[in-house]
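Subject: Structure handover

Hello,

Please find the structure below, with its sequence. My notes on what was found in it follow.

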Amino acid sequence: MKCIKFNYFFIGLVTLLLASALWPALPWHTGKQDSLAQIQSRGVLRISTLNSVLTYQQVKDQSRGMDYELAKRFADYLGVKLVVTVRPNIKSLFNDLSEQHSDLLAAGLNWDEQRAQKYVAGPAYYSTSQQLVYRVDKPRPKSLNDLQGTLSILDGSTFASTLETEKTHRYPHLQWVTEKHLGPQQILREVVEGKIDYTIADSATVEMMQRIYPKLAVAFTVTQEQPVNWYIAGNKSDSLHAAMLDFFSQLNEQGTLARLEEKYLGHSGHFDYVDTRSFLQAVDTRLPTLKPVFKKYAQNFDWQLLAAMAWQESHWDPHATSPTGVRGIMMLTKTTASSLDVNNRLDTEESIRGGSEYLQQLIQRLPSDIPKDERVWFALAAYNIGLAHLMDARQLTVNQGADPNSWSDVKVRLPLLSKKRYYSQTTYGYARGQEAYNYVEKVRKYNLSLVGYLQEMEQLPLDSPHSPSGIAITPVEPQLVMN
């Protein structure tokens, strides 16, 4: 009997000690709210974000953007619905957290020491550097000491702390103004329009916007790369943060995060001002006559992708001919054209129909294990290099221990098809794999430019004399091009 009493006493003592140790962390003691329990009880995850190509956009009543796709998956992971609130600027995002209007911010926000003192950051999912941006036809400054005009930055951004550091340690006369009513894309637009002399922006946003506004130029990089994170309120319990950590860990293990990074950032790289400007000028002057045909024959993909593909093939020249015998706006071979009942490859409508049908056939012939949102990139590579050589590249990917169903893994193996050490291991031998790699990346860049550019055009006043490319707008009546 004494033994039992001793055991009860021992158990009670241990319980008391544990309670004492955990007491400071208990929600009802600290006043913290169990935010994860609230979200699950409510059945809704509320996020606040910014409208941009990279974070969140509505295109044809469909939501897109890297942050949106991540947030949608996180809501599914929690078993709740997603509600998105778009704010006009960074400061209003953090106001949402402070006023408990939002559960988390998913808006491509950099990590910053000052932010970390007030808010809790989630895991990094990509990184960006800070760049000084100006208009391409203005004098290029070499440092913050060379600025000849006003430097404007976004209110609530991490750029202020960067400039404070530069002012303290290197440039004591450095001055800047804060734009309280602009978002990341709007401030870059004002640089292009000449309303702002200089601004600082993150490299990912700049790269995206240069595809739409080629006059946007980078003078120099201000900081090294910094992580991009989600944020939750600092006075919440650790449960939501723990859920985010587990969620991102699962995305990494599944390869989902790598696929999303490839989808939204994988085709970024060298920016060609002349090439982009030429493309956008053609969008203004030549696309209106071709748009109805692209829209007519685009199948299970957006017409803009078909247009971007045709631009890469022929620069929208219906009479284009290569030394190898491919012809027309979609540059079809004679054999391919015959299999698609294309009688005249120089007929614009026939060629576009044939190219679209052939791309769709390639998509359908791909292995079913390839994710839906990456199948078109594999098919584009096959359109350029042939399906057999694409399969060789997939096998090389397997041989090297990577994922043959991941475009980011396969695309870097395509150039190996022209190296004897590797193509000697394949079934179909030598192929110009680097050309196929370049082909897909360029089509993706033109598609990004076209989609973003047309969205910007929709926001212009009806009487605007210039398009975002900077050339005069001459209305062109759409008509069917026949040859």
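The protein has 21 helices and 13 strands. Please keep in mind that this is a predicted model. Of its 483 residues, 52% count as buried. Among contacts with a separation of 6 or more, 69% are between residues 24 or more positions apart.

The cores

The largest nonpolar core has 121 residues, and the members that touch the most others are Leu45, Phe74, Trp230, Phe294 and Trp316. Helix H17, residues 375-385, gives the most to this core, with nine residues. A second, separate core has 17 residues, including Leu144, Leu163, Leu174 and Val222.

What does Phe294 contact, leaving aside its neighbours within four places in sequence? The list is Leu287, Trp303, Leu306, Ala307, Ala310, Trp316 and Ile352. Two of these names come up again below: Trp303 and Ala307 of H14 also take part in the contact with H21.

Helix pairs

Two packed helices are described by the angle between their axes and the distance between the axes.

H14 and H21. Helix H14 covers residues 303-314 and helix H21 covers residues 433-459; their axes come within 8 Å and cross at roughly 130°. An angle of that size makes H14 oblique to H21. The crossing of H14 past H21 is right-handed. On the H14 side, the contact is made by Trp303, Gln304, Leu305, Ala307, Ala308, Met309, Trp311, Gln312 and Glu313. On the H21 side, the residues are Tyr439, Lys442, Val443, Tyr446, Asn447, Leu450, Val451 and Leu454. By class, this contact has 12 nonpolar, three polar and two charged residues.

H4 and H11. The axes of helix H4 (residues 66-78) and helix H11 (residues 256-265) come within 10 Å, with a crossing angle of roughly 155°. H4 and H11 are therefore roughly antiparallel to each other, and their crossing is right-handed. H4 contributes Met66, Glu69, Leu70 and Arg73 to the contact, while H11 contributes Thr256, Leu257, Leu260, Glu261, Lys263, Tyr264 and Leu265. The residues of this contact divide into six nonpolar, one polar and four charged.

H16 and H17. Helix H16 (residues 348-365) packs against H17 at an angle of about 115°, and the axes are 9 Å apart. H16 passes H17 in a right-handed crossing. From H16, the contact uses Gly355, Tyr358, Leu359, Leu362, Ile363 and Gln364. From H17, it uses Arg375, Val376, Ala379, Leu380, Ala382 and Tyr383. There are nine nonpolar, two polar and one charged residues in the contact of H16 with H17.

Ile187 lies in helix H8, residues 184-192. Is Ile187 buried or exposed? Ile187 is buried, because its relative accessible area is 1%, and the cut-off for buried is under 20%. Not counting residues up to four places away in sequence, Ile187 touches Ser152, Ile153, Leu154, Glu179, Leu182, Ile196 and Thr199. The C-alpha atoms of Ile187 and Ala201 are 8.9 Å apart, and the two residues are 14 apart along the chain.

H5 and the loop after it

Helix H5 runs over residues 90-98, and its buried residues are Ile90, Ser92, Leu93, Phe94, Asp96 and Leu97. H5 is followed by Gln100, which has a positive phi near 60°. Gln100 lies in the loop between H5 and strand E5 (104-110). With a relative accessible area of 39%, Gln100 is partly exposed.

Asp341 counts as exposed, because its relative accessibility is 56% and exposed means over 50%. Gln100, described above, is likewise a residue other than glycine with a positive phi.

Regards

Notes. Residues numbered from 1 in each chain as written. Predicted model: local features only at pLDDT ≥ 70, side-chain atom pairs only at ≥ 80, totals over all residues. Heavy atoms only, no water. Axes fitted to C-alpha atoms, helices over the stretch in contact; angles between N-to-C directions. Helix = DSSP H or I, 4+ residues; strand = E, 2+ residues; numbered from the N terminus. Parallel < 35°, antiparallel > 145°, perpendicular 65-115°, else oblique. Left-handed = near helix turned anticlockwise from the far one by under 90°. Contact = heavy atoms within 4.5 Å. Nonpolar A, V, L, I, M, F, W, Y, C, P; charged D, E, K, R; others polar. Core = buried A, V, L, I, M, F, W, Y, C linked by side-chain atoms within 4.5 Å. Buried < 20%, exposed > 50% of the residue type's maximum accessible area, 1.4 Å probe, protein only.
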